[in-house]
Amino acid sequence: MKPLRIGVLGAANIARMFIAGAAPSKKIVVAAVASRDKAKAEAFARETGIARALGSYEALLADPEIDAIYNPLPNTLHAEWSIRAVEAGKHVLCEKPLATTAADARAMFSAARKADRHLVEAYPYRAQAQTRKLAELVSSGAIGRLHLVRSSFGVYFDDRSNIRLRPDVGGGALLDAGSYAVSLVQLVAGRRPARVSASAQLFETGVDRTTVATLEFDDGLLAQVSCSFATAYHRHALIAGETGVIECTYLNHPPMGGPPTVEIRRGVKVSDPVEVIEVPGGNGFLGEADSFADLVAGGPKHWTGATPAESVDIAMTLEAILAAIKSGKPQSVDVFAG
Ligand SMILES: NC(=O)c1ccc[n+]([C@@H]2O[C@H](COP(=O)([O-])OP(=O)(O)OC[C@H]3O[C@@H](n4cnc5c(N)ncnc54)[C@H](OP(=O)(O)O)[C@@H]3O)[C@@H](O)[C@H]2O)c1
């Protein structure tokens, strides 16, 4: 199989990590980078070892030597440039959050279907053995029917020039770290919530800096997601069912200080033993890049990440939480079904 030739849109920080992480892949090659500034593209290409540097995003989309686009632009630009990319005949791996509104997410998938191209949202943790073990335990009924899920992600940012703290490009803890926390709930619940309520502390630029949201499902499942740009790094999930409970991190690149684990208590009592299941770690960008190449070569069953339907559900949930923060009132998620 010839490696999938990927072009990067924008000299983004995360693209450095994607390129370094995916470098050992035999299935993809990052063949070009485009920046709005040619000199910036050239410097980025030199630094990261990419063969070609282009001075505009348009030039990358028109490049016949490129099969697929990695889109790490600021959040508000994900929809426009992913749609332009699929319309130019490229497959797209788009950074999370896929879009800042559910309507944009649907428009992106509709454009991809029309162009017969693959478009998926990047969550490197989904390519991890740790995540697959978690999903397998939940779906096999190892902890019974779920009643409570808690999912948190916090990381410190206070530089107001960072895109995460800029309202004009879709900043805020919810769309950034919170999209991870919501995606984890989506993964284990297997569906979107019916209603959400939320509270947030805002940063001085107006974006949410710390958010806590409650997600209610029609069958009684309750989930709490929290995210913050004001705390020390943490990323943790607790999934509690009728017959057991699971706790784990959901890191992009475990291990962090040891082999990643999934801890499961099989039983309801404090005296029931906790089994610590060790799983292989690794670089999530590598797993994600390989899975993306397999998706393009062999179809959706090879993709380990969020499906288009899951990404739309995540976008609806995020939009509903933002509306709940703004209004101070609970929101029905289906209002954002379009
Ligand atoms: N999956 C993950 O774990 C993960 C981790 C980090 C970030 N991300 C996502 O990746 C995306 C980029 O994050 P980042 O931290 O890498 O951002 P960043 O370093 O600020 O890079 C964003 C790039 O977008 C381009 N850009 C185009 N228009 C822009 C504008 N109006 N303002 C600022 N930049 C503009 C710039 O490239 P040029 O100047 O070269 O054109 C810039 O280098 C975000 O969507 C974020 O959520 C995902």
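**Chat about a sheet and a helix pair**

Me: Hi! How do strands β1 and β2 pair?
Reply: Strand β1 (residues 4-9) runs parallel to strand β2 (residues 28-34), and six bridges join them. Pairing here needs at least two DSSP bridges between the strands, and strands are DSSP E runs of at least two residues, numbered from the N terminus. This is a predicted model, where local features need pLDDT of at least 70, side-chain atom pairs count only at pLDDT 80 or more, and totals for chains, interfaces and linings use all residues. Residues are numbered from 1 along each chain as its sequence is written, and side-chain values use heavy atoms, leaving out hydrogens and water.

Me: Which residue of β2 is opposite L4?
Reply: That is I28.

Me: And what is the strand order in the open sheet?
Reply: The six strands go β3-β2-β1-β4-β5-β6, with parallel pairing.

Me: Switching to helices, at what angle do α7 and α9 pack?
Reply: About 125 degrees, with the axes of α7 (residues 174-189) and α9 (residues 308-327) 10 Å apart. That angle makes α7 oblique to α9. Oblique is what remains after roughly parallel (under 35 degrees), roughly antiparallel (over 145) and roughly perpendicular (65 to 115). Axes are lines fitted to C-alpha atoms, for helices over the stretch in contact, and angles run from 0 to 180 degrees between N-to-C directions. Helices are DSSP H or I runs of at least four residues.

Me: Which residues make the contact?
Reply: Among them are L174, G178 and V182 of α7, and I314, L318 and I321 of α9. Contact means heavy atoms within 4.5 Å.
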